[in-house]
Amino acid sequence: MLLPSAPVARAAPTVVQVRRERGRLRTVLRGGLLRPQRLHGPPDRCRVGLLASTALLLGGDVVELEVDVGPGVTLDLVDVAGTVAYDGRGEPAGWRVEVRVADGGRLRWAGEPFVVADGADVSRALLLDVADGGRALLRETLVLGRTGQLGGRLRSATTARRGGRPVLVEDTVLDPATHRRLPGMLGDLRVLDSLLAVGEELPDAPAGPTGHRPSRFALVEPGCWLGRALLPDLASSPLHRWWAAATA
């Protein structure tokens, strides 16, 4: 996994585990830099909210989250708020997520925006393992810079597997000091809004408020998709509608 190699302070990983035992949903929730909280929801699924337990994300922070969805369980993860990676004053920060979804399990996670402010140096890593009979739908929204900013350095790595077979391996480095703003790259675009579906059908992409229609890529395994929009701002994203259609 891609994490800063320099020695940085770490808290214990945040853990979210959900199982079905004797017909009832059982959860194991353990807090780290993120605090998981079970939310009210319908009886056929478990809803868990994630809330920062301290000011995040500062230089030296490494957030680690482990999610385990058991057989026959549906888990809705909810970010209570977005995250801003602040100027680390020379120190990098990390964000690492590992997700496992068992046979018959289902995860839906509409992540809130992750904003990389000027001066931040962040490595994000997502490892998603979905069993052949499992399903997962995740939204990831990366925003380069706060209003009026260019944004800091971001390295974002995603590995998604289904039944142990890779369906998506992506490693992106977006550095404002090098190639990020060159022609053919992002230019002045600041938002990368993505939907990752493993074992889930992704409907046709709707147009956004400005008429922009995102790209929809079929991955190497049937029933696996990547949807993505590159945008100047989050308000114009068509993924709000797309997520609603995919989860209706």
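The model is a predicted one, in which local features need pLDDT of at least 70 and side-chain atom pairs count only at pLDDT 80 or more, while totals for chains, interfaces and linings use all residues. Residues are numbered from 1 along each chain as its sequence is written, and side-chain values use heavy atoms, with hydrogens and water left out.

Let us begin with the charged pairs. The structure holds 18 salt bridges, a salt bridge being a side-chain nitrogen of Lys or Arg within 4 Å of a carboxyl oxygen of Asp or Glu. One of them joins R19 and D68, whose closest N and O atoms are 3.3 Å apart. This pair links distant parts of the chain, with R19 in strand β1 (residues 14-21) and D68 in strand β5 (residues 62-69), 49 residues apart. Strands (E, at least two residues) are DSSP runs, as are helices (H or I, at least four), and they are numbered from the N terminus.

A second salt bridge brings together the side chains of R108 and D76, at 3.1 Å from N to O. Here too distant parts of the chain are linked: R108 sits in strand β9 (residues 106-110) and D76 in strand β6 (residues 74-79), 32 residues apart. R108 is buried, with a relative accessible area of 11%, and D76 is buried, with 10%.

R216 belongs to strand β16 (residues 215-218), and D204 lies in the loop between β15 (191-198) and β16, 12 residues apart. R216 is partly exposed, at 32% relative accessible area, while D204 counts as exposed at 62%. Elsewhere, salt bridges that share partners join D44, R45, D76 and R108 into one network.

Now turn to the nonpolar interior. A nonpolar core is a set of buried Ala, Val, Leu, Ile, Met, Phe, Trp, Tyr and Cys residues joined through side-chain atoms within 4.5 Å. The largest core has 48 residues, and L57, L75, L107 and L128 touch the most other members. Strand β8 (residues 93-101) gives the most to this core, with 5 residues. Which residues does L128 contact, leaving aside its neighbours within four places in sequence? They are V99, A136, L138, T159, A160, R161, L196 and V198, where contact means heavy atoms within 4.5 Å. A second, separate core of 17 residues includes A117, L195, A197 and A229.

Two further residues are worth a visit. V69 is in strand β5 and is buried, with a relative accessible area of 0%. Leaving aside neighbours within four places in sequence, V69 contacts several residues, including V18, R19, L75 and L107. V69 and L107 are 38 residues apart along the chain, and their C-alpha atoms are separated by 7.1 Å. T83, in strand β7 (residues 83-85), is buried as well, at 15%.

Finally, look at the pockets. On a 1 Å grid over the protein atoms alone, a pocket is an open set of points where a 1.4 Å probe fits, with protein on both sides within 12 Å along at least five of seven lines, and lining residues have an atom within 4 Å of a point. The largest pocket holds about 570 Å³ of space, a volume being the space filled by probe spheres set on the points, which are joined across faces, edges and corners. Its lining has 37 residues, of which D79, W95, W109, E112 and R124 lie nearest the centre. Strand β12 (residues 135-144) supplies the largest share of that lining, 4 residues.

The second largest pocket has a volume of about 210 Å³. Of the 15 residues that line this second pocket, E170, T172, L174, L192 and R228 are the closest to its centre. Strand β14 (165-174) gives the most to this lining, with 4 residues.

Technical notes: Buried means under 20% relative accessible area, exposed over 50%, partly exposed in between (1.4 Å probe, protein chains only).
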